[in-house]
Every structure is written in structure tokens, then in C-alpha cells.
Amino acid sequence: MKSHKLLMIPGPIEFDPAVLAAMSVPTSSHTDPAFIQTFGEALEKMRTVFQSPSGQPFIVAASGTFAMDVAAANLIEAGDRVILLNIGYFSERFGEILERYGAQVTQIKAEIGNRPDPQQVEEELKKGGYKAVYFSHVDTSTGVLNDVPTLARLAHQYGALCVVDGVCSIAAEELRFDEWGVDVAVTASQKAIGVPPGLALWMVSQRALEVCRNRKTPVPNYYGDWLKWLPVMQAHEARQFDYFATPAINLIRSLNVSLSQIVAEGMENRYARHRKMSRAFKAAMTALELDQIPVSEEVAAHTLTAVRYPQGIQAGEFLPRVAQEGVIVSGGLLPPIKQEYFRVGHMGNISFGDLIGTISAIERALSSLGYHFTIGSGVAAAQRAYQESEAV
Ligand SMILES: *Cc1c(COP(=O)(O)O)cnc(C)c1O
């Protein structure tokens, strides 16, 4: 028996031992030149991970929700009109945040498991006067993937900013911040970035920073004011000290280790590996005759899979059975269908062996709960899909 169960949820994920080890070094002063160097390196590597030489990276002690919060607080002034694409739980959250800052939010809601048609988004944008389009790259409640390049292009065509909640996508799903013209992309350390919870990371385009600088009213959030943090981020990237609030020193050390691993793998390789893992896992679920929440492969994320229970299997008995097999997977999250599906995260530095072990645990749980299928058929389908994607 391993001393810990394999954590296969859509964040927090399994963390690399080197990343964890970096946290347990004695905490230095935040003014220590070695730490300033580490912080600066982490900011530089963020540019590679977000594919944004020209954006402004931020690293702040907080969770992903905070990064979303300030992506609204810094851009929105009361009465601003925005479009929100709603594909699930975290889209709903973005809507609540936007309204909290006084935005007039027009929601374009997709049916569960689908994403809004870009044409619908364009029709709304054509009405004019929209300041920004907000959406999740991957909604972790449904496993649905939005088409960022198309949405970013449309937003700009109609003079709106493009703000992306990339908490369940960045460092795993393809995201080309500069090339696609994204204005804000936010994430958190515990997802595909591969660092324990506690850091919010985000990138802001120069265009979005200008919008923030030209506000008529102060940013109604002190700790999250981009312009308070900007000199600190710029100073550290230039290997100089500046202070606004104490950085999460040990977490930033960990972050630098994880970002080094991500950069060493290479972004294209990393996207490809996540697609391959996802294809193998989804092939296994299909072989077990289990449906997924996303309506098609095209709209399905590669960082997680949302799977419907077969008839007669209940969340309350399934999840603990999988845990008994040494693997932790998640229940449903979207209120109307919460009891009908489970979610498996497969992002970060997991091995194919971890994926196979997860499929095996799911098979054993289903089998023991009376579901009829050929034991091993999920594992075999994953092996085949994995091998096929290696051949291409
Ligand atoms: C996890 C997640 C969040 C929330 O992040 P926290 O770190 O829990 O605040 C927001 N959006 C998406 C898409 C997520 O997956």
C-alpha cells in the first residue's frame, strides 16, 4: 500500500516530489537576493507558459477565485456592459463576481455539456457597447472546453477585451496569449501548474493595463489592485526588490521548480501529452459504455473527464469504493446534475501508469457495485488509444 492515495481530481493534483521539497527549505527574508532571483525567474517562466512575451505576469498569494475577482475589479466600473459565456459552475461564479462590481452582464448560456456558438456571441457583440467578454477556458464542472482563439478574435473585432478563466486549463490546454490576443488569463497553482494551493497567477495584456490605468474610479479592491502589484512584479523581473505585501516565499520557490519542469517539457509537448492522456481515459470510459457530460469530443477538455454514472450506481457508494482502491476522484459539481456524474482530473505530471491505475480502480468499483461489463475492457481501450496516439 502506498502511503497516500492517488489524487486524480481536477485540482489539487498530484505534486512532483521536487516541487514539494522546495517548500520545506527554511523561509528566507523576502528581501534576500536569492529569493528575488527565484521570484524573477518564476515571472519569466510564466511568459513561456502563457506564451506571452508582451503581457504582464502577476504572482500573488491567493486562490484562483481571487484572480477571477480582480480580473473583474480592475476592469469593470459600475454600469459597464459585458458578455459572459456560461458553460457551468465557474462561469456562474464569474457572473456573480462581475455583478458585484456593478457590471451589466449579458449571459449567453449553453445547454449543459455544450458551449455557446460563436455566431451567437457575434450577434450579441454586434449590438455594440460591450467592454469585455468573460468566459472559462475549461469549466471544471462540465469538462467543457471553450474555443479561445475564435472568441478572442470576435471580442477584438468588436472592440471588447477578452478575459479568460484558465484555472483548469493553463499549462495543459493550448493557450497562446499574445498570438490569440487574450487580454487577461488567470489560473491558480494547484491545477495544471502543479504547486500546492495558495498562489494565484495571471497575465494581463498592455491593452488591459491601459484600460485599468484610465479608470474614472479607483479599483474597489485594495489587495487585488493590479497597479499596486505592477511595480513589485516589474522590480522582481529586473531582479530588484519592491514590496506591496509579503509574497508566499516557500510557495514561490516551489512554483519556480514546477515552472522549470513545464518549460523543460516544452509547451507543445505538454499540450500533446495532455491530449494523449485525455484520449486514453475517454476511450476507457466509452469502452465501459459510460457517457460523458460534454456533447462531443470537440467540446471536451483534456484536463479532466466528466462521466455519467450508469443506471443504478450512486455517487455515495461509488466514490468511497474507488477510494478504497487507492484513488481519489471527484463527484459532480453542477447543481442540476450533481448526483449524476463523477469527474476525473488528468493533468500535470501524472504517468500513464497513474491513468491505468485510475481506470482499474473505477472498473473494480463498478464491478463490485453490480455493473455488468467485461472487466479489463476499459484498461485495454486506454492501452490501445495510447498506443495509437503514439503512432501518429
Ligand atoms: C478551480 C477553479 C476555480 C477556482 O479556483 P480556486 O483556487 O478554488 O479559487 C475557478 N475556475 C475554474 C475553471 C476552476 O477549475
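This tour moves from the ligand site to the aromatic pairs of the model.

The model is predicted, and local features need pLDDT of at least 70, side-chain atom pairs count only at pLDDT 80 or more, and totals for chains, interfaces and linings use all residues. Residues are numbered from 1 along each chain as its sequence is written, and side-chain values use heavy atoms, with hydrogens and water left out.

Select the ligand and the 13 residues around it, of which Ser63, Thr65, Thr140, Gln190 and Lys191 come nearest; a residue is near if one of its heavy atoms lies within 4 Å. Helix H3 (residues 64-73) supplies the largest share of this shell, 3 residues; helices are DSSP runs of H or I with at least four residues, strands are E runs of at least two, and both are numbered from the N terminus.

Next, display Ser63: an N or O atom of the Ser63 side chain is 2.6 Å from a ligand oxygen atom. A polar backbone atom of Gly64 is 2.8 Å from an oxygen atom of the ligand.

Now select Phe58 and Trp202. Their ring centres are 5.3 Å apart and their planes at 15°, so the pair is stacked (centres within 6.5 Å, planes under 30 degrees apart; over 60 is edge-to-face and the rest tilted; for Trp the six-membered ring is used). Phe58 belongs to strand S2 (residues 56-61) and Trp202 to strand S10 (residues 199-204), so the pair ties together parts 144 residues apart in sequence.

Finally, select Phe318 and Phe342, whose ring centres are 4.6 Å apart with planes at 40°, so this pair is tilted. Phe318 lies in helix H12 (residues 315-324) and Phe342 in strand S14 (residues 341-345).

Technical notes. A polar contact is a pair of N or O atoms within 3.5 Å; within protein, one must be able to donate a hydrogen and the other to accept it, and residues adjacent in sequence count only if both atoms are side-chain atoms.
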